[in-house]
Amino acid sequence: MYQYERSDEYGELQRVVDHVFERTEEVSRLDVVVIADAFDLCADLRHIVELLPPGMYTRLSLCSQLNSAIAGHVWGMKYGTVE
């Protein structure tokens, strides 16, 4: 049976979420994409960020969107989820 291993990028998306909400309570999709690019995320995690629909997000709504995409790709064990 295949076992998922944590990637070296495990938790990197959490760093992005923490950073974009350091000084504000609402962010745009573009804010998240720009910060993800600045953090030089791997291709899989950039793909997750790029799946975000345009709009404004609270921390809760952003995490919900990102976690949904992570779960849809079955990457939770590999990259972690966000809160």
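In this predicted model, the buried residues of helix α1 pack against β1 (27-28), α2 (29-38), α3 (43-50) and α4 (59-72).

**Helix α1 and its packing against α4**

- Helix α1 covers residues 12-20, and its buried residues are E12, L13, Q14, V16, V17 and V20.
- The axes of α1 and α4 lie 11 Å apart, and the two helices pack at an angle of about 165 degrees; since angles over 145 degrees count as roughly antiparallel, α1 and α4 are therefore roughly antiparallel to each other.
- The crossing in which α1 passes α4 is right-handed.
- On the α1 side the contact is made by L13, Q14, V17, D18 and V20, which meet R59, L62, C63, L66 and I70 on the α4 side; by class, the residues of this contact divide into seven nonpolar, one polar and two charged.

**R59 in helix α4**

- R59, which is located in helix α4, counts as partly exposed because its relative accessibility is 29%, a value between the 20% limit for buried and the 50% limit for exposed residues.
- When neighbours within four places in sequence are left aside, the residues in contact with R59 are Q14, V17, D18, F21, E25 and E83, and of these Q14, V17 and D18 are also listed among the α1 residues that meet α4.
- R59 and V82 are 23 residues apart along the chain, and their C-alpha atoms are separated by 9.8 Å.

- The structure holds one aromatic pair, formed by W75 and Y79 in an edge-to-face arrangement, with 5.7 Å from centre to centre and 85 degrees between the planes.
- Both members of this pair, W75 and Y79, are buried.
- S7 lies in the segment before α1, and because its relative accessibility is 16%, S7 counts as buried.

**Residues with a positive phi**

- Most residues other than glycine have a negative phi, and two residues of this model are described here against that background.
- D40, which is not a glycine, has a positive phi of about 55 degrees; D40 is placed in the loop between α2 and α3, and because its relative accessibility is 63%, D40 counts as exposed.
- V74 is likewise a residue other than glycine with a positive phi, in this case near 55 degrees; V74 is found in the loop between α4 and α5 (76-79), and at 48% relative accessibility V74 therefore counts as partly exposed.

**E50 in helix α3**

- E50 is part of helix α3, and with a relative accessibility of 47% E50 counts as partly exposed.
- The C-alpha atoms of E50 and E25 are separated by 21 Å, the two residues being 25 residues apart along the chain; E25 is also one of the residues in contact with R59.

Terms used. Residues are numbered from 1 along each chain as its sequence is written. This is a predicted model: local features need pLDDT of at least 70, side-chain atom pairs count only at pLDDT 80 or more; totals for chains, interfaces and linings use all residues. Side-chain values use heavy atoms; hydrogens and water are left out. Buried means under 20% relative accessible area, exposed over 50%, partly exposed in between (1.4 Å probe, protein chains only). Helices (H or I, at least four residues) and strands (E, at least two) are DSSP runs, numbered from the N terminus. Contact means heavy atoms within 4.5 Å. Axes are lines fitted to C-alpha atoms, for helices over the stretch in contact, and angles run from 0 to 180 degrees between N-to-C directions. Angles under 35 degrees count as roughly parallel, over 145 as roughly antiparallel, 65 to 115 as roughly perpendicular and the rest as oblique. A crossing is left-handed if the near helix is turned anticlockwise from the far one by less than a right angle, and right-handed if clockwise. Ala, Val, Leu, Ile, Met, Phe, Trp, Tyr, Cys and Pro count as nonpolar, Asp, Glu, Lys and Arg as charged, and the others, Gly among them, as polar. Rings of Phe, Tyr and Trp (its six-membered ring) pair if their centres lie within 6.5 Å; planes under 30 degrees apart count as stacked, over 60 as edge-to-face and the rest as tilted.
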